[in-house]
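Dear colleague,

I am handing over the structure below, and I would be grateful if you could look through it with the notes that follow. They begin with the contact between the chains and then turn to each chain separately.

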Amino acid sequence: MLKKLRIALATVMMTLVTLLLLDFTGMLHRWLGWVAKIQFLPALLALNVVVVIVLVTLTLLFGRIYCSVICPLGILQDLIAFRPRKKNRYAYSPAKKWLRYSVLAIFVVALIIGVNSLVALLAPYSSYGRIVQNMFQPIAIWINNLCSNIADHYGSYAFHPHEVWMRSLPTFIIAVATFAVIAVLAWRGGRTYCNTICPVGTLLGFFSRISLFRVQFDADKCRQCGKCEHNCKASAIDFKAMDIDLSRCVVCGNCVEQCNFDALHYKMVSTRKVQPAVSAPDNTASGTPADTSRRSFLVGAAIATASIAMAQDKKKVDGGLADVEDKLIPERQTPITPPGSRSAANMRTRCTGCQLCVSKCPNGVLRPSTGLLTLMQPTMSYERGYCRPECHTCSEVCPTGAIQPISLPQKSSTQIGHAVWIKKNCLPVANGTPCGNCARHCPAGAITMVPLDAADNTSPMVPAVNEARCIGCGACENLCPARPFSAIYVEGHEVHKEI
Amino acid sequence: MKKINRRDFLKIFGGAAIGATALAACTDDKERTTAAIVEPPKDKMTMRVNPKTGDKVSLLGYGMMRLPVKEGGSMREHPDGTIDQEMINRQVDYAIDHGVNYFDTSPAYCQGLSETATGIALHRHPRDKYFIATKLSNFSPATWGFDASKEMFGNSLKLLQVDYVDYLLLHGAGMPSQDAEGKPLSGMEAFQLRYMDNGLLDWLVEQHDKGLIRNLGFSYHGDVEVFDTLLRWHDEGKYHWDFVQIELNYLDWNYANEINPRNTDAVYLYNELSKRNIPSVIMEPLLGGRLANVPDPIVAKMKSRRPEDNVATWAFRFAGTPEKVLTVLSGMTYMEHLKDNIRTYSPLEPVTKEENDFLMEIAKDIYDLKTIPCNECNYCMPCPYGIDIPSIFSHYNKMIKEGLLPHNKQSEEYRKQRRAFLVGMDRSVPRLRQANHCIGCGHCVTHCPQRINIPKELHTIDVFTENLKRNGQVEEMAL
């Protein structure tokens, strides 16, 4: 019963979280956004007191059910470890306290002093988010694009084609490596990751140790067959001692179901103690160190996009497309963070790099940062699109409060950066071609075209930016014809301003 | 052939509008036909006579600008495609076998590959079985010089594998252009620079007298001043035009000028030539396919008049009806188009007075749609900034024709239409080639034979798209 309930809940939760992370259409988060917001670490960082209290209370009452039915990374491990024909493959091992507590300590210190890349690396929900965004969303988009082609054939507009592109190589590598480590650990030892590395697991372990409901041995009925121990994926049961390490038990219910003698029960704590017997520690499932050297040799091939190479021949008059050089990221002194993030500091200290916002950005603006201290946290750039005035999706989905909800009118008056003109790159200056595409598209009306030489009205018209009105949306940068570097680009602001 | 078909049809259906029940009731098996479309006849092609040379020219002329490529379709769909010579040979053989004898090419067509392909295909036939038309297509100021132009003509003879050209045209007389420094030139200025100042026209007249060019003419696009001037020269005896190539179809007959004030109605052009007994060669009988792809209500209207004819047949019959039309060019990529057109002209069933009125009514219907008059000839391409101009116009026009262009945010259809417009645009044009990247440099303007103000239209579409993007319902914003 306990196991069935657990599986049912976990299935629902896993499906919802995965759908939320996979969705690139911008439609699902209105209904599913809450599943990210009830994750422990995001709630903690968002100072979402209600959720944190509920989760802690749940753990105090029922043990670490959070790890079994809410945390997607935990459920992922159960999925990988699910090998119905290979029973009795686990054995008890004592908790690796030294490792667990050191990781937790490092995690807390990192959180406090703001080394957020480390926090992001260890946060379980965020790890799952990265895995889905980097490894599975491209597949979903490819399927969508295939459907789009088919739909196009039948004159239907049900599917909108999307581009698959690599947002950041380091983050991709981290996602693949995390998945590999999790997969190997789970395949070999069940919940090894949760019980040795995951800081949330360790933290909740403190509470589950004293939980009200727990799995308990009935010493009268137990025949010491050891079946419970051999099917405990947390390696938390020592059947000889009739002892269960409650700090590691994730209340999966497997032992209760496996016991042929009705000797295990999930029930309210009783005062009756079972006499512990001395047991020989049996160490089968030890954590292998993370294989971070795993190379992403598939990367290039998978995400490479065909570029159009077509020489522009003077004599060709009927047809062909000119090659459009890809834009390159300008060297910004200050990175740009999305509207709603309020400041670089708020982003840095709260974001756990789950990639939910990145996976949702419909304009190809957000991508994980590669900066050491902000690794995997979103940053903005405008080579593929710009932060469009009708969109505030990232602020709606962020579970940690790194990007806080911001209304569209608020967004249109929030300055996240300002445009800077590079005279040398500007087309009218470089070759006299009249342009003004930046001014024509500025949603804030912050750009005016003025003669290059104030004394000469016939001199080329060039953009003049009113920095006070510019909100840093990047329309000018994105639509500037100068390539690979735009003649106008956005310099971020450390702290966002209302204008 | 059409008549015979119709007669069969009438016989089977008892000469009245009888529905499916009547068909079911018809039990006389002998009276049934197995198919409605039959092989076109080989010897029924309507021929027109060139008054000067006595050439008997087939009313259907083969335009070699949309040659098939191996990737499917023509270079319009696959700019980097490989010419499918085998298919071209088959189609040219079929055409000649069915009486087609006029082949129109240019050094500019198919990115410069058309003359070679045409030469290969035609060389396999006796020289007296076909007439070749080619052009002096110097669109780029780099080839405007006397020597470069001479070389272009010599090159045409070489690639076409012939000693003489039957019909030679000054390509695109009347098109505005830019000089080598990029300074805009009016149609007249461009004509002066390209053909007059360098003495090229006089040299061509010499070649004409020598017999290397059997007929000398020009193809006309755009500035009517150039057309009038060239005909005045003809009247004055300064130059003699053996033929002139004009754009003629039932839409341009009366509406060319209404659609774009810079263009001239075909009725004027044809009448001016007819007065002087100059044969007209017709281009764009289908407006680059636009008249074969009209909105459903218009298709229904045309079908109800002649149920067995497709809409393209109407356009070809119209273009072939005026008697001083020498030949009607069609750029046939597919065998079925070739067969359809041969059928239409084997022999031509001229458009009657009532049918002519009917087509003028259809023209008004099409004009009222206010589509952008782009027929995707791709002359504007490549845009130096990578904009896919024809695809953008094509999508916009498609939305108009399908009645999907969203106008009123309050209407019930708005959401569906908005999605269709935005999704369709992203499907047909990559984002970095869409209208918002047009900076308005004007490079394309002088290349457009329809004389569309391309940057203006692109900016209009850009503003339209931008408004659509901003005015969605919440859950559909992220399109």
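Between the two chains, 34 residues of chain A are in contact with 43 residues of chain B, contact meaning that the C-beta atoms of two residues, placed from the backbone, lie within 7 Å. On the side of chain A that touches chain B, helix H9 (124-153) and helix H21 (437-441) of chain A each supply at least two residues; helices (H or I, at least four residues) and strands (E, at least two) are DSSP runs, numbered from the N terminus. That side of chain A comprises 15 nonpolar, eleven polar and eight charged residues, where Ala, Val, Leu, Ile, Met, Phe, Trp, Tyr, Cys and Pro count as nonpolar, Asp, Glu, Lys and Arg as charged, and the others, Gly among them, as polar.

Please bear in mind that this is a predicted model, in which local features need pLDDT of at least 70 and side-chain atom pairs count only at pLDDT 80 or more, while totals for chains, interfaces and linings use all residues. Residues are numbered from 1 along each chain as its sequence is written, and chains are lettered from A and ligands numbered from 1 in the order in which they are written.

Chain A is assigned domain 1 (1-305) and domain 2 (324-498), with bounds that come from an automatic or database domain assignment. The C-alpha centres of these two domains of chain A lie 38 Å apart, and 32 residues of domain 1 are in contact with 29 residues of domain 2. On the side of domain 1 of chain A that touches domain 2, H9(A) gives the most, with six residues, and by class that side divides into 15 nonpolar, 13 polar and four charged residues.

Turning to chain B, its secondary structure comes to 17 helices and twelve strands. For its 479 residues a compact globule would have a radius of gyration near 23 Å, and the 24 Å of chain B agrees with this; the radius is taken over C-alpha atoms, and the globule rule is 2.2 Å times the number of residues to the power 0.38. Of the residues of chain B, 47% count as buried, a residue being buried if 20 or more other C-beta atoms lie within 10 Å of its own, exposed if 12 or fewer, and partly exposed in between, with C-beta atoms placed from the backbone.

Strand S9 (residues 213-220) of chain B has seven of its eight residues buried, so it is largely enclosed by the rest of the structure. S9(B) pairs in the parallel sense with strand S6 (residues 165-173) of chain B over six bridges, and with strand S10 (residues 243-247) of chain B, also in the parallel sense, over three bridges; pairing requires that DSSP find at least two bridges between two strands. Leu169(B) stands opposite Gly217(B) in S9(B), while Val244(B) in S10(B) is the bridge partner of Phe218(B).

Helix H12 (residues 311-320) of chain B is likewise mostly covered, with nine of its ten residues buried, among them Trp314(B), Phe316(B) and Arg317(B). What covers them includes strand S11 (280-283) and helix H14 (353-369) of chain B.

By contrast, His407(B), in the loop between helix H15 (389-401) and helix H16 (414-428) of chain B, counts as exposed because it has 10 C-beta neighbours inside 10 Å.

With best regards
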